[in-house]
Amino acid sequence: MDLTGDTATALPDARLFLLPRAKSFLTVVISTVVLVLACLLFAPSSVTWGALSGSLPFAAIIAIVGLGQLLVVQQGGFDLSLAGGVSLAVVISTHYPQGDNALLLPAVLMAVACAILAGLVNGVLVSLFRLNAIVATIGVNALLYGAVFAVSGGVPKTTTTLLAAIAGGQTAGLPNAVYFALATLVVFSFVSKKTVAGRRFEAIGDNPLAARSAGLRVRHHQLLAYVYAQLLYCMAGVLVAGITREPTAFQGNSLLLPSVAVVVLGGTSLLGGRGFPVSTVIAAFFLNQLSQFALAVGVPYSAQTIIQALALGFGIGVYSVRWTANLFKQTKPTLKGGNNEVLG
Amino acid sequence: MKFSAKRKLAFAAAAAVAALGCSNLALADTPSWCGPKQATLALLDGYGGNSWRQVTTASGKEEALKCPSITKYEYADGQGDTQKSISDIKAMAAKGIDALVVFPDAGPAMLPAITSVYKSGKVIVPYRVEAGGKPGVNYNKFIGTDFKNDGINWANWIKGVLPNGGNLLFLSGPAGNSQGLDELAGLKSVLGPEYKFLNPEPFDVTNWDPALTQKVLTAEIAKNPKIDVIVSDFGPSLVGALPLFEKSGRSIPALATSDGNSLGCFWTDHHKNNPDFKLFTVSTENDNVRLAVQWAVAAATGGTPPTEEIFKGPVFENSVTGQPNPVQCRSDLPGAIYLSAQLPAEKQAAAVNSK
């Protein structure tokens, strides 16, 4: 925001492209378009309908956990209990029903209850007791894994047929998980951008001190961010359980890093404040398509990891390095003869 | 009723054996690897958090308790933490346990702890994962698994169902894991160049994680219009991914893999609609631990060590010939049990459901 201020003065013609509203969105869209083009050129099989319908559910999962992480990041926090939260939802929704469809709903409700509890613990520790978010959520993550072991003993269990059909099935040609992600996005965007509570939430994230002076209930909103986040992790966990048929008890571990990556790729500052849910969801597609691209080009595993790292670096670089600003900061002072500071 | 002379003789012999057995039941039941000296035994897992390990642990316990000289059996789970695994080993030795059977998941990192226990005069038998070192110097005996043999078994079956060659997809666990490399060596020792491996060398990396397996298979299915056979060293992790073939309007191809109840049941439910879906499994090798326990007990109690020094996983199911077994499915029991294991299915279910 202030960032765009100085780029805009530096380069007035580029103002259109650097509007704060558009920047993160444009960047992630451009990165995604570039990636899809690369897929078409080098790995056409990764963008066929068959491949997409197989991989989109995973993109949806990343999008949902990404939105959860986004809520916490908007409040200047960081939620490492995501792994435990997702895994707990996975094991509750598979172990409790033991393959019995009738027990699926109670199991999901139990998972939701656990998620609310975990979110409250996180929220109270961070917002009321002022613990560092990383420290508090690592602790809660360990507790959640304790619960995972208590429920499952670390053993995977086959999903009920009903959950497999709901989470793993397709409606109107699209995987159901995608609808869950889109619905989450719509609710998230509407509430955070169009309701009073949502506007307050963002304002508090941007500047808690100013928000408190304005009489907003800062702690209240910070606390709830963790609860909402856990609810989204819970939803993702239940979906994972349905999509993978026989999920491991540690399925959340591989989602923590992507969740942070999509928040950053989506353009949300890790210091908190304004969130970009649409960009985050597109980033989730980007990240997932990236791994499909790496798989589909058929290079050895080492090269796959390198491709992913480079493309991720590119994606983040495009957004967070202020290319034009840096360019002008270096050249402008020279024109004004202002590089004396550097020399002297 | 009339009995032939041969039958009469057989009856007499059976009666004599029965009488002898009854007179000294305990001795007759004691296996040769169980000696007279009393000892305590512990099983140390590097990572105990999956059903395979739980069935294996229950199998190890059952094997150890066959020997009446074993007075105490203990178990510790390293929980995937190398430091904890090392301290578990040292703690068991310090507690006075005489024989330790160790699954050294962390590989060579475990060798110093193993060696120090061996040097202190305890019996220690690492199994399945190689920790380096030598028998008689660092430990009593290492009981490995012949993964190459699995590869050879798969390859021979593949030659049978695809005599003219075809396209193969080979999936294994983490990048560079030695199990996958050994299996590949076994496959390649039998299959000629007419069998084309579609995956990047040496195998598609899945980390044995069902979610990653699904992603990998999605990409491979889209990329390769013709996959004739999938080879995987962890069959049950494919169950979530195989319906992708049906979704893209193709038959599930032939599958050469390791057994699991969920996989057997999946085949039972899906083979009718998928004409190419033939299934061949080798045992998931839970009984590897039994051989290791036998060696450890023999050394600690003064029994006769077994003759086998490496565990060869037997062939289990073959949907084409039904030999040695047709595909097995116990839909009343959990998917995460292994019907190839000696431990009865109900006991496995109890072990897996205990938590």
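The model is predicted, so local features need pLDDT of at least 70, side-chain atom pairs count only at pLDDT 80 or more, and totals for chains, interfaces and linings use all residues. Residues are numbered from 1 along each chain as its sequence is written, while chains are lettered from A and ligands numbered from 1 in the order in which they are written.

## Chain A

Chain A holds 16 helices and 2 strands. Helices (H or I, at least four residues) and strands (E, at least two) are DSSP runs, numbered from the N terminus. Of the 344 residues in chain A, 51% are buried. A residue is buried if 20 or more other C-beta atoms lie within 10 Å of its own, exposed if 12 or fewer, and partly exposed in between; C-beta atoms are placed from the backbone. Among contacts in chain A with a separation of 6 or more, 78% come from residues 24 or more positions apart. Two residues are in contact if their C-beta atoms, placed from the backbone, lie within 7 Å.

A:L120 sits in helix 5 (residues 104–128) of chain A. A:L120 counts as partly exposed because it has 15 C-beta neighbours inside 10 Å. A:L120 and A:Q289 are 169 residues apart in sequence and 34 Å apart in space, C-alpha to C-alpha.

The table sets out one pair from each chain.

| Helix pair | Angle | Axis distance |
|---|---|---|
| Helix 8 (residues 176–194) and helix 13 (residues 277–296) of chain A | about 160° | 9 Å |
| Helix 6 (residues 147–161) and helix 7 (residues 178–190) of chain B | about 40° | 7 Å |

Axes are lines fitted to C-alpha atoms, for helices over the stretch in contact, and angles run from 0 to 180 degrees between N-to-C directions. Angles under 35 degrees count as roughly parallel, over 145 as roughly antiparallel, 65 to 115 as roughly perpendicular and the rest as oblique.

Take the chain A pair. Helix 8 and helix 13 of chain A pack at about 160°, which makes helix 8 of chain A roughly antiparallel to helix 13 of chain A. The crossing of helix 8 of chain A past helix 13 of chain A is right-handed. A crossing is left-handed if the near helix is turned anticlockwise from the far one by less than a right angle, and right-handed if clockwise. From helix 8 of chain A, A:A181, A:L185, A:F188, A:S189 and A:S192 meet A:P277, A:V278 and A:V281 of helix 13 of chain A. This contact has 6 nonpolar, 2 polar and no charged residues. Ala, Val, Leu, Ile, Met, Phe, Trp, Tyr, Cys and Pro count as nonpolar, Asp, Glu, Lys and Arg as charged, and the others, Gly among them, as polar.

Now the chain B pair. Helix 6 and helix 7 of chain B pack at about 40°, so helix 6 of chain B is oblique to helix 7 of chain B. This crossing is right-handed. Residues of helix 6 that take part include B:F147, B:I152 and B:W154, and those of helix 7 include B:L184, B:L187 and B:V190. The contact divides into 8 nonpolar, 6 polar and 5 charged residues.

## Sheet and strands of chain B

In chain B, 4 strands form an open sheet with parallel pairing, in the order 2-1-3-4. Two strands pair if DSSP finds at least two bridges between them. Strand 2 (70–77) and strand 4 (123–126) of chain B are the edges, each pairing on one side only. Strand 1 (residues 39–45) and strand 3 (residues 99–103) of chain B are joined by 5 bridges, with B:L41 opposite B:A99.

Helices cover this sheet. Helix 3 of chain B lies across strands 1, 2 and 3, at about 170° to strand 1. Helix 11 (residues 288–301) of chain B lies across strands 1, 2, 3 and 4, at about 160° to strand 3.

Strand 10 (residues 254–258) of chain B is mostly covered, with 5 of its 5 residues buried. Strand 10 of chain B pairs in parallel with strand 9 (residues 229–232) over 3 bridges, and 4 bridges join strand 10 to strand 11, also parallel.

## Where the chains meet

In the contact, 33 residues of chain B face 33 residues of chain A. Helix 8 of chain B gives the largest share of the chain B side, 10 residues. That side has 15 nonpolar, 12 polar and 6 charged residues.
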